[in-house]
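Please keep the sequence and the model in view while reading.

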Amino acid sequence: MAQMRYREALNAALREELARDERVILMGEDIGVFGGAFKVTDGLLEQFGERRVRDTPISENTIVGVGVGAAMTGLRPVVELMTINFALLAFDQIVNHAAHIHYMFGGQVSVPLVVRMPQGAGHQLGPTHSHCLEAMFLHVPGLLVAVPATAADAKGLLKSAIREENPVIFIEHESLYGVRGEVPEDEDHVVHFGLARVAREGSDVTIVGVSRMAVTAERAAETLAAEHGVQAEVIDPRTLRPLDLDTILASVRKTNHCVIVEEGWPHGGVGANLAALVGEQAFDDLDAPVQRVTGADVPMPYSKPLEDIAYPHEPHIVHAALAALNLAPRTGASSGTPATPRRAAR
Amino acid sequence: MGTLPAPDLAREWLTTMTLIRRFEERAGEMYARAKIGGFLHLSIGEEATIVGSARALRDSDYLISTYRSHGHALVRGTPPEKVMAELFGRVDGCSGGRGGSMHMFDLANRFMGGYGIVGGNLPIAAGIALASDYRGSDEVTLCTFGDGASNQGTFGETLNLAALWKLPVVFMVTNNQFGMGTALRRHSAVTDLQRKGESLGVPGMRCDGMDILDTHAVLVEAVQRVREDRRPVLVEAVTYRFRGHSMADPEQYRTKAEVAHWQERDPIPAFAGLLVREGVIDAAEPQRIDAEALARVDAAVAFAEDSPFPAPESLYDDVYVLGPEVRGWYSMPTSEETANPPYAGAETGQSAEAMNDEIPQRLTHALAAGEDSGEGPAGDS
Ligand SMILES: Cc1ncc(C[n+]2csc(CCOP(=O)(O)OP(=O)(O)O)c2C)c(N)n1
Ligand SMILES: [Mg+2]
């Protein structure tokens, strides 16, 4: 085991896979000379040269499309997009092409492409740079979606992604890049897709945390234990497709209560999807409705106090878990000032 | 090289360039003191390009820009107070604190915004020009973007459409030699950027973006052609940014000598010196102008400091234009919100009908920033 930052773990995965497999190439804006907008690819150009580590023009849709074509004909491209919002410019190649080619051509070709990008709020990057859009990719059949929350998973899942035959949307979190964790040094440390991580065991309530929210949920679980005597089981799904629903359902059958935490928007979110699945398959095991904690249903604002209340924090999760258990105070739980979701006049 | 404008104009140009320079420097300081968050892109070095081009417009013409747009707001007449307040994330900012550095806006002055998505503003510019044409006006839209943006799909698509539909847009590529850390010759196959529109039916022009007279002269011609012929042109302004791409840029992709070389052509002392030599202003005037700019910027900072942060209950304001006759939810409460009964009807400053006692409220906990990591994202984009 080595202590590594999340960013370093990703770098190690890329380095190892570049060294292991000649077919792996990296493409992206400012990944080479600049070392990556978030320094994930630092040093890789120097080690592997311009043939394998390619700075690209600012042309998201085209870079991803080039990745699709190269993947169809034998390479294993890893494309970096600077921020998840920029992936919206590449939605055509990601959805109409990468996701559908294997099916559309009757399984004759595959698209072993990885598209990496960070998401997340907290750094005041405002409405064009801060969102959590995993639900948009989860929606698309043909794509796999990985959301690593720890340094070990960042490395292990990225290595799996590069070895995968399907296109993978690999979603990192900006706030996690600097976080350290124990990472196996083994060159073959891969974390297989479709295997959730039980971050903390507990018997009272299941909390599913997506991306950074797995980390926040773990902290909330400690507070629940210390201050409320509630033992929460925290599950990090690691990949949203394939989804390890079995682990989540088994936990719900044990705890009979479920809270789902994500940073993205509530409408059609990951939690909406998961709540439906849990409701369909474990209705009889639930003692209370599934609780969702999500980001606010607004474009991410720049101003610090607004940004702070636009995505979930530990107290929201604590409160949701208590509410699920019918232990929450029903009013006045907030320390802040309320904001109001809008609906039309009747 | 163009000819000197009337003395009052010349003085105004120097004043505005100086204001932009001092404003940007102070913004950088305020960023270092954590008064400003997010990414901060300064246009130090590009002042002649900004002022020379914008002054070729009429007040009724439109300007649209990128995330590097404090100077564009200032040149159009947005008070420095409102630009600084936006950087501070305060209610009196020109975007109400919602947009920040990358998203300035001033409708009254026909500054149609800074946009955080590279290449995102080009089609919007064409749409603004379409509306001008449709309304039968002779307004022109000046659309500025970077050398890096000229590789985005929207560049080719918009230039073609604007030429095809004869839309009155001046596309101005601000060639500051880099898209982030990638030098022009490493990101664009054609480095003679004024020619990039030729095959799309958009003729090219070039100006020396370090020289306000040349920039102004070329842009006056471009604007006139566009206004009269009702067809787009592409102007390349050759300039240089003296600072990093944004504040987090270690600038390892260029040498200090290269920066120093371009700094010798700093557009502000160059123009000031010319005006003194030509007897337009006396030798002490540049210093007076500078002192005024510094005072202006001090006032802007003081104003921004005093302006309040947006109230938490304003979070959901302006996501939609609320229709009084429309039924149903616009924004969705989560079960976390549903689980928490409403606070007594907070006044939100929006349509009173939208308020309802049954509306679930959002829990708010303003926690310290960066709670999940020991450091910020150390990013730059
Ligand atoms: C679609 C998109 N891709 C990438 C970025 C990240 N980014 C911001 S500015 C920039 C460089 C743009 O260079 P250029 O167009 O030359 O403008 P300059 O910054 O030099 O003014 C990049 C890559 C972005 N904001 N939007
Ligand atoms: Mg540039």
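Helices (H or I, at least four residues) and strands (E, at least two) are DSSP runs, numbered from the N terminus. The model is predicted, so that local features need pLDDT of at least 70 and side-chain atom pairs count only at pLDDT 80 or more, while totals for chains, interfaces and linings use all residues. Residues are numbered from 1 along each chain as its sequence is written, chains are lettered from A and ligands numbered from 1 in the order in which they are written, and side-chain values use heavy atoms, without hydrogens and water.

In chain A, the loop between strand E2 (24–28) and helix H2 (44–48) contains Lys39(A). This residue is not a glycine, yet the phi of Lys39(A) is positive, near 65°. Lys39(A) is partly exposed, at a relative accessible area of 22%; buried means under 20%, exposed over 50%, and partly exposed in between (1.4 Å probe, protein chains only). Ser211(A), in the loop between strand E10 (205–209) and helix H8 (212–228) of chain A, also has a positive phi, of about 60°, but Ser211(A) is buried, with 2% relative accessibility.

A nonpolar core is a set of buried Ala, Val, Leu, Ile, Met, Phe, Trp, Tyr and Cys residues joined through side-chain atoms within 4.5 Å. The largest one has 113 residues, and Val170(B), Val235(B) and Phe271(B) have the most contacts inside it. Helix H1 (residues 7–32) of chain B contributes the most to this core, namely 9 residues. Apart from it lies another core of 33 residues, including Leu113(A) and Val210(A).
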